[in-house]
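Work through the exercises below with the model open beside you. Try each task before reading its solution.

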Amino acid sequence: MMDLQTKLREEAKRLLEEKKVDVIIGYEDGSMALRTTPCFVKDPRDVERLVWNALCENNLAKYLIGRTDKAAVIAKGCDVRSIVVLINEKQLEKENIIIIGMPCAGIIDRKKIYAYLGGADVKQANIENGIINVKGDGFEEKLNVHDFLHDSCLACRYRNPVFCDILVGEEIPEVEPKDEYGKIDQLEEKSSKERWQYFNKELSKCVRCYACRQACPLCYCKTCFVDQSFPTWFGKSTDISDTFSFHLVRALHMTGRCVDCGACVRACPNNIDLRMLTKKIEKDIKELFDSEAGLSIGENTPLASFSEDDPQDFIG
Amino acid sequence: MKTHLWLLFLKMTLKILLGELMKTIKKDKIAKLLDFLADKYELFAPTSKDGLVVSFERIEEGKQAKLRFYNSNEAPKKLFFPQSETLFSYSKGERETVPEPKTEQQRIIFGLKPCDTKSLSLLDKVFDTTDFKDPYYTQKRVNTIIFTLACNRPQSSCFCTALGLGPFLKEGADVFVVDLDDKYLFEPITQKGEDLLKEIPGLEEAAEKDISYSKELADGTEAKITTKIQLDRLKEKLDEIFDESVWDEIHQKCLGCGVCTYLCPTCHCFDIVDEQVNDKGKRIRIWDSCMYPAFTLEASGHNPKPTGKERMRQRIMHKFNYFVETYDEIACVGCGRCLRNCPACMDITKVIEQINNLK
Amino acid sequence: MKNPYLPIPVRLNKVTLENESKDLKTFDLAFVNPQDAKAFKFVAGQFAMISINGIGEAPFGIASSPMNGAVLQFTVKRYPRGVLTTALHNLSVGQVLGLRGPFGNGYPVKELESKNILVVGGGFALTTLRSLANYVLHKKNRTKFGKLTMFVAARNPGEMLYKEDLEEWSKRGDIEVIQTIDNPVEGWKGKVGYAAPVLKELAPCPENTYAVVCGPAIMIKTCLFVLFEMGFPSERIVNSLEMKMKCGIGKCGRCNIGSKYVCMDGPVFTHKQLQELSGEY
């Protein structure tokens, strides 16, 4: 029985040899422990570079935007949903993409491993059969992959690609999320003042680098609202009210579109828990419109479509 | 006047060679030492709220300092070149602009790593020039005494030695501090440092074995950094390949997020914006990044660096070619922050390796 | 220590509309404080950062002669997407602006002494060229320089910049003025045709001559070709560049071409220097 990585490499090789695509966008080993990195394979002889493991965290859908060639992209459940949203929003032409779908049981959050190890420097890591072996100066530990997954993976309902051209391996059973809205529910219970304080504290860490926006495949505006100067909507310094506004407005722009892939949180250099905003909005959309983003091609987001039987109990 | 300075320098060097000026203090007394410094100066030290992420902040008490750490997440450049800095304030309708008050308070930064200390010398070349001194930066520099803490435990992502620097580099320090396991060794590097050490109570004379242990640690630590970068002819190589297609390949996984530039201790690009509420406003300097598309975008719509390729090339060229051309130094200190924090795991050492390997 | 980020106050004394499409205006700015006026010494080709508090700041070439320091003139083109240029065009006389400068290297006036100068200007790039011309023509300076030729191109007579200056210069014996427009227009007495072919017709002599060329990119490109054909060496062809700038003093990192900052090492470069740099501008 072939493992998924080998199957993936075979599919990639076939696609390139048959000239079905110009490039395979996938993952290869990163130059540091606990990292993989996006890679662009054009030569069928290079498919051995491609890897598939619980460190494949990047949402590669970002690299599809603006391409002029034909690309195959390796996509996990969340990545596929963001591709679906991009197709529905007419940012991608389906005929130029081949989606290589990967069933995914969750990706490791290396920051959780660092925290568990008390901030130790991991020099080597390898994963086998659900166990990640981490080594550094003076320590070696075997950790259970499932104890160190990203928060977005703990909330995942779509471990299998909802749509793809090639499925690598077999679908894995969908399970109830381990922790879908835990932190959100906790925060919702707090008073308005406490919530305000929470966000002020969290967002004061922001240095306005916009990594969250750049990592997000659904942030594709040619000029982001925050970069506009004619008119200037919000200030660009780290003044807390401007920073707050940036994050709130970005979350609002993601309403009904965000698939909770977690790319924004992973990109943030200051570990701001941006999902407290985006996941909350996702929860609201599900409750108000019974809708989740990126599940099928051709669907419209609730805020961008009108139907006569839209709920209107909030209208007097 | 010059002879006098030379004699002073010789005297100090001799004293240092003879170990006369070096002092030590037991580790359990360091918090008190920091308390003493915090009383007389604005003291900045590495702190951590969660025990993991370290950041240089102002401390009132010595016990707030976390002195056993790899490095701070954000570069300490923010203590001299903050993310947002008001250049001046104004009131609409009033002719004169009111410049921001200058900081006169003496500061001490305790625990700066040698790579970050070196980065300040590189930033000096930009901000402290003879023709246009940047008063916001230079004021802070002049009023700050730096205690550089030697790096005993480099991370696997560190590569200072590959750039000719090192974990025990003393350049730029006023006082050089070494963690000798049970005590700290203090070595004054500048007159400012020597004068300050004289003020601090409770310091002991450094013993011969302290000094030799420090040397032993220096050699041992340097050997731990294994990343190598081929530096000779790198600048020339970069000149040659400016128009080559290798840049298409290099930039393709870059998201243009700018995290590398924001966390880099030597990156200094900034924007100037006016922000106003009703009649009162400020002209503010804020960090900017050569990796952003609007960085060089002109009002006419023309952009000399229209795609990620030109911007990535600009970043690499600036650090390893343009800065070298102008100042004969590489604008990189090997701190590894860009490697650790890049969401796409871009590795600048691998990029340089790729460039070096081009025929 | 002077703070290079603090603007000095200047008052808008006069606004002159320069062209028919109404997007070019010349602003006369006078120093509010006499000591600022006294201290401001500049070389033709330098620029200043003009700002309106609350709007922004941008670089503009100084269009007035360095021999007349009390009032500075700037010609500004309004870009639809330009925040500052739009605000400038909406200003009224009497309003106070901020000014920082002079910045940049300016034209190499020392090197130009005892040489002939061929000025080739197109569109609204004539701004600093006017400063240069008036500097050379000043009675204190004229004898230091050789022949001065102003070759100016514009789309049509309405778009020609500095019509008054051109007329006055045409009347003088110590400067030759040649104007050309793209297409024939009734009543036009100057040349007709694009800059490059008309320049070729004129066949300027390269001997002991510097060519100072400013204008839209296509004009520069085609005229350079002509000048090379005529035998002008690249070290005697001078260009002035424009780039987005913020600090104007070589610190914010954005206006570089290679290791050179356009705000410090430029904006004036000889063509030879430009050939040694990348084309990233």
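## Exercise 1: two helices of chain A

Task: Find which residues of α5(A) meet which residues of α10(A), then describe how the two helices pack.

Solution.
- Step 1. A:K183, A:I184 and A:L187 of α5(A) meet A:M276, A:K279, A:K280 and A:K283 of α10(A). Two residues are in contact if their C-beta atoms, placed from the backbone, lie within 7 Å.
- Step 2. Place the elements. α5(A) covers residues 182-189 and α10(A) covers residues 275-289. Helices (H or I, at least four residues) and strands (E, at least two) are DSSP runs, numbered from the N terminus.
- Step 3. Take the geometry. The axes of α5(A) and α10(A) are 10 Å apart, and the packing angle is about 90 degrees. Axes are lines fitted to C-alpha atoms, for helices over the stretch in contact, and angles run from 0 to 180 degrees between N-to-C directions.
- Step 4. Name the arrangement. α5(A) is therefore roughly perpendicular to α10(A). Angles under 35 degrees count as roughly parallel, over 145 as roughly antiparallel, 65 to 115 as roughly perpendicular and the rest as oblique.
- Step 5. Sort by class. The contact of α5(A) with α10(A) has three nonpolar, no polar and four charged residues. Ala, Val, Leu, Ile, Met, Phe, Trp, Tyr, Cys and Pro count as nonpolar, Asp, Glu, Lys and Arg as charged, and the others, Gly among them, as polar.

A note on the model: it is predicted, so local features need pLDDT of at least 70 and side-chain atom pairs pLDDT 80 or more, while totals for chains, interfaces and linings use all residues. Residues are numbered from 1 along each chain as its sequence is written, and chains are lettered from A and ligands numbered from 1 in the order in which they are written.

## Exercise 2: two helices of chain C

Task: At what angle do the axes of α6(C) and α7(C) cross, and which residues make the contact?

Solution.
- Step 1. The axes of α6(C), residues 195-202, and α7(C), residues 217-230, come within 8 Å and cross at roughly 20 degrees.
- Step 2. α6(C) and α7(C) are therefore roughly parallel to each other.
- Step 3. α6(C) contributes C:A195, C:A196, C:L199 and C:K200, while α7(C) contributes C:M219, C:T222, C:C223, C:F225 and C:V226.
- Step 4. By class, the contact of α6(C) with α7(C) has seven nonpolar, one polar and one charged residues.

## Exercise 3: chain against chain

Task: How many residues of chain B are in contact with chain C, and which element of chain B gives the largest share?

Solution.
- Step 1. Chain B places 37 residues in contact with 32 residues of chain C.
- Step 2. On the side of chain B that touches chain C, β4 (84-91), α3 (114-127), β11 (270-277) and α10 (308-327) of chain B each give two or more residues.
- Step 3. β11(B) gives the largest share, five residues.
- Step 4. That side of chain B has 18 nonpolar, eight polar and 11 charged residues.

## Exercise 4: the nonpolar core

Task: How many residues does the largest nonpolar core have, and which helix gives the most to it?

Solution.
- Step 1. The largest nonpolar core has 257 residues. Such a core is a set of buried Ala, Val, Leu, Ile, Met, Phe, Trp, Tyr and Cys residues joined through C-beta atoms within 7 Å. A residue is buried if 20 or more other C-beta atoms lie within 10 Å of its own, exposed if 12 or fewer, and partly exposed in between; C-beta atoms are placed from the backbone.
- Step 2. A:V73, A:A75, C:V212 and C:C223 have the most contacts inside the core.
- Step 3. Helix α4 (residues 126-137) of chain C gives the most, seven residues.

## Exercise 5: backbone exceptions

Task: Is A:L34 buried or exposed, and where are the cis peptide bonds at C:P102 and C:P267?

Solution.
- Step 1. Most residues other than glycine have a negative phi, and most peptide bonds are trans.
- Step 2. A:L34 has a positive phi of about 70 degrees. A:L34 sits in the loop between β1 (23-29) and β2 of chain A. A:L34 counts as buried because it has 23 C-beta neighbours inside 10 Å.
- Step 3. The peptide bond from C:G101 to C:P102 is cis, with omega near -5 degrees. C:P102 lies in strand β6 (residues 96-103) of chain C.
- Step 4. The bond joining C:G266 and C:P267 is cis, with omega about 5 degrees. C:P267 lies in the loop between β14 (260-261) and β15 (268-270) of chain C.
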